[in-house]
Amino acid sequence: MDLLDLIDAVQSVADGLLFGSTYALLGIGFTLIFGVMHKINLSYAAASIGAAYGSLLLLSGFTAPAIVVFMAAALCGGVIGALVYFIGFKFIPVANPLATLMSTVGLLLLIDEIIVHTTQGVPLAYPALYSDVVVRLGPFMLRGDLMFVFVLGCACMVLFLLLLYRTRLGIATRAVSQQPVASQLCGISILQVNVLTFVVTGILGGIAGAMSGAAIGMLSPLLAQPLTVKGLIVTVIGGLGSIPGAIIAGLIVGGLESLFQFLRGVTERDLYIMMLLFAFLVFRPGGIFAKAPGRD
Amino acid sequence: MDFYLGLAQVIGVHTLLGLSAYCVLLTSQVSLAQAAFFAVGAYVAAILTVIFKWHLFAALGVSAVVSGLTACAVGFPALRVKGLMLVVATLAFGEAVRLFFFNFTYQIQAGELKIGPHGAEGFRQIRYFPEHGWSTFDVLVFIWLMVAIVMACLWWLDQSRAGAVMRAVGEDEVAAHSAGINVTAAKVSAMTIGGVIAGIGGGIFAHYTTHIEHAQFGVILATFAIAYPILGGLSNVFGTLLAVIFIQGFLIEGLRFLGDWRNLLFGALIVLAMNLRPRGFLDAGGIASLKRMLFAGKESSGA
């Protein structure tokens, strides 16, 4: 490999890292819902794409600046998150994880079909901020839209961590995730915490959907399935329930995906990501930041 | 009439797929890799009959063995993790297998055309049934014979000690372990049996569709595979059959007149079904009341 190839490889890793912030946000969403409810929400990535579509629908009447579209996506994400909780989680017995798994699969199909139904399955252009800006660093270029996505993703993560570790809601959420019964005895309303968790993760998901839409340049219902797979992989590589793990794993997966695409082409790209996941499962099943054994 | 025969074939093959997931779900593991075992079975059986000109039964046997071995090999590393981690691990394995077939080309020249799997274009010309003069009806009978055999075996397994062990592991792993049950052996054998059944199903699937490609074995097929037993209820093999008839027969074919709305209804009905009957259509209580209804006369005469 000569120098020119090396520059291209580094360039693709940089692009991938910037895009990886989307995966990191999705990974946080999956991990938080799992942490609080001990249930899998397979419809999460579809709901995120749905929220991005919702923002386009909400602002279809007038030409809004891209930042407003992003905020609308966050709003839609929150609403869809609450809906997902009430439709797919609220009325199903806690002790039956299989039923919840299935209902979120149903929701995944439902959300996907609603998107296809309202847009006739045509991919829609999604606005990006700073898409004409290119920052040059020596031989490398950083695309402005990807950089914006990255910065926005990091800002969301910081805000989210502050929410989780500095507010009453955050304390309640963490309490419920550790000891649901004890926190209920302390006067925390589990229903309220669950709904708010879904709203917060929905907002994160809406932003993640908008970010991937902006980074790719368009939205398509076909995005839901790969994003679900990637989000779950990020969750597992990062260590289930670990938020810093999800962030780092998201960036790693994004960077490696782009590198493999450069080295081996687009058809084999995901194969290597799956192998990475297997390597983690075999050699480090607890993820990057594995919890010490002995805790529930 | 051919339409209904075709539908019955689809239901039969999907029942095999559902039963393979049922077997794994008995030990309360959620495996999204069943579509991958199905794909392995389909490709192996089709390559054997098309390229090596084997007899169908021999090819199905080999595909069942190969899928079972794959499942066994996946079982050991995958069973180190539980719950969500297992779902993701098997999901990733399924996708990896699909991507492998996406990049897999193995063709030989036969006459003027090339036969064999060809990467993204898939595997065409699997013409065993027409070449050997099987009518649609023969194929249908063959498929349902296989379904009946597999269901009978699973029913027997369920009643036997092995089934009790599997259910014990599914209900409470720690308790089962402390009762002296080898949990890993139970889980891996459930996975292997599931792989064997999926391999047979895949082999049949490849031959009646005559064309397979990687996109058919994606996440959607894998979620369908676990949807059948979960919707049908895990207390009985017939629940799976019922759910397959409900989904393939009623939701997919029966509601075709609704056009676009059908797909919307599809997801919504799954959510509704899970909200109303979280333990599946045929749960233990349902079977008990069904028995009461059927045998009510006998009991009252005996009393």
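Predicted model: local features only at pLDDT ≥ 70, side-chain atom pairs only at ≥ 80, totals over all residues.
1. Helix pair, geometry. In chain B, helix α7 (residues 161–171) and helix α9 (residues 183–209) have axes that come within 10 Å and cross at roughly 110 degrees. Angles of 65 to 115 degrees count as roughly perpendicular, so α7(B) and α9(B) are roughly perpendicular to each other. Their crossing is left-handed.

2. Helix pair, contacts. From α7(B), the residues B:V165, B:M166 and B:V169 meet B:V183, B:A186, B:K187, B:A190 and B:I193 of α9(B). By class, this contact of α7(B) with α9(B) has 7 nonpolar residues, no polar ones and 1 charged.

3. Cavity count. The model has 5 cavities of 30 Å³ or more.

4. Largest cavity. Its lining has 13 residues, and A:Y44, A:A47, A:G77, A:G81 and A:G202 are the closest to the centre. In chain A, α2 (44–58), α3 (66–88) and α8 (190–216) each supply at least two residues of this lining. The most come from α8(A), with 4 residues. The lining of the largest cavity divides into 5 nonpolar, 8 polar and no charged residues.

5. Second largest cavity. The residues lining it include A:L32, A:F160, A:L163 and A:L164, together with A:L196, A:T197 and A:V200. Here α5 (144–166), α6 (168–178) and α8 of chain A each give at least two lining residues. The lining of the second largest cavity has 7 nonpolar, 3 polar and no charged residues.

Terms used. Residues numbered from 1 in each chain as written. Chains lettered and ligands numbered in written order. Heavy atoms only, no water. Axes fitted to C-alpha atoms, helices over the stretch in contact; angles between N-to-C directions. Parallel < 35°, antiparallel > 145°, perpendicular 65-115°, else oblique. Left-handed = near helix turned anticlockwise from the far one by under 90°. Contact = heavy atoms within 4.5 Å. Nonpolar A, V, L, I, M, F, W, Y, C, P; charged D, E, K, R; others polar. 1 Å grid on protein atoms, 1.4 Å probe; cavity = no way out; pocket = protein on both sides within 12 Å on 5 of 7 lines; lining within 4 Å. Points joined across faces, edges and corners; volume = space filled by probe spheres on them.
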